[in-house]
Amino acid sequence: MSKIIDGKAVSAYLRQEIKNEVEKLILDHNVQPGLAVILVGTDPASTVYVRNKHKACEATGIRSVSIELPATVSEDEVLLKIDELNRDDTIHGILVQLPLPKHIDEKKVINAISPAKDVDAFHPENVGRIMTGDYKFLPCTPAGIISLLDYYKVEIEGKSCVIIGRSNIVGKPMAHLLLERNGTVTVAHSRTKDLKATASQADILVVAIGKPELINSEYVKEGAVVIDVGINRKSDGRLVGDVDFESVKDKVSLITPVPGGVGPMTITTLLRNTLMSAKTSLNKA
Ligand code: NDP
């Protein structure tokens, strides 16, 4: 079997399942899942992410509504828009593409999204639910990684899992999901004293730091499974991860490439969360 974890192929498989479920939901209940994506400003990376989410929705039959606001929009106007979407029964998921311009308080905006429509799972209520294992939505990137590990039948229970990076959107929730699957979890970060020693104990190493190709073979144990979350654009235009793929590829048992590894899975979880939210809305009707 190839060592390369094919996130595109796994995504395609899971998205077909989602598409079938969306079709059934429309047929049986006349409910089409709807996702609203708010983009503030014209940041090129954010614009690409939003476009990819829109395309993925279209391909699976999910209705996607793009709300593009100028970078000068006031915080109140963004909050007003969210309030409107919270009350719109045809919208089951609301996502605000981050980062936001400096004059808008990100926390305030995230807190304004109804937890029932918070398909990114960033709202404090959903974060708390992840901590206690009683969640509605799973955070997109970490849940996408768990799906990849499951697809490739990587055993998590009892394994040494090291996550490098402790952000609220990747590192911390990743730690909880691996813990929930009975992994023995270590979270490393920029203040970790001996990162090489810590990382090279990992059976499963998840890297989410945002530093191009920092993690080379010296950080990786022979036979480890390496999940590279990083997306970095080099000066020559190439996209690379946080892991030096060429340096580690002969040492690992499995590795995600960049692009084509974790990235597609993040969007797949978003689609799954939107579908789930639409299904849950049936019980409220
Ligand atoms: P953040 O910048 O929020 O967090 C980075 C983390 O890495 C911090 O915890 C930081 O430590 C740690 N870190 C930074 N430098 C080092 C270092 N030299 N050694 C050890 N730890 C370090 O990033 P995100 O979690 O949001 O994203 C990480 C990467 O993943 C980015 O490249 C991003 O683009 C990508 N990403 C990809 C996604 C996908 O779908 N594939 C989704 C989300 C993100 P400290 O806390 O001490 O500062």
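The legends below describe close-up views of a predicted model.

**View 1. Confidence along the predicted chain.** The mean pLDDT of the protein is 96, and 99% of the residues score at least 70. Strand E4 (residues 160–164) has the highest confidence, at 99. The lowest confidence falls in strand E8 (residues 232–233), with a mean of 93.

**View 2. Domain 1 and domain 2.** The domain assignment places residues 30–114 in domain 1 and residues 140–263 in domain 2. The distance between the C-alpha centres of domain 1 and domain 2 is 29 Å.

**View 3. Packing of helix H6 on helix H7.** Helix H6 spans residues 140–151 and helix H7 spans residues 171–180; their axes are 9 Å apart and form an angle of about 40 degrees. H6 is therefore oblique to H7. The crossing of H6 past H7 is right-handed. H6 contributes Pro 142, Ala 143, Ile 145, Ile 146 and Leu 149 to the contact, and H7 contributes Pro 173, Met 174, Leu 177 and Leu 178. This contact of H6 with H7 consists of nine nonpolar residues, with no polar and no charged ones.

**View 4. Crossing of helix H2 and helix H10.** Helix H2 (residues 44–60) and helix H10 (residues 262–284) have axes that come within 10 Å and cross at roughly 55 degrees. The two helices, H2 and H10, are therefore oblique to each other. H2 passes H10 in a right-handed sense. On the H2 side, Asn 52, Lys 53, Ala 56, Cys 57 and Thr 60 meet Ile 267, Leu 270 and Leu 271 of H10. By class, the contact of H2 with H10 has five nonpolar residues, two polar and one charged.

Conventions:
Residues numbered from 1 in each chain as written. Predicted model: local features only at pLDDT ≥ 70, side-chain atom pairs only at ≥ 80, totals over all residues. Heavy atoms only, no water. pLDDT = per-residue confidence, 0-100. Helix = DSSP H or I, 4+ residues; strand = E, 2+ residues; numbered from the N terminus. Axes fitted to C-alpha atoms, helices over the stretch in contact; angles between N-to-C directions. Parallel < 35°, antiparallel > 145°, perpendicular 65-115°, else oblique. Left-handed = near helix turned anticlockwise from the far one by under 90°. Contact = heavy atoms within 4.5 Å. Nonpolar A, V, L, I, M, F, W, Y, C, P; charged D, E, K, R; others polar. Domains from an automatic or database assignment.
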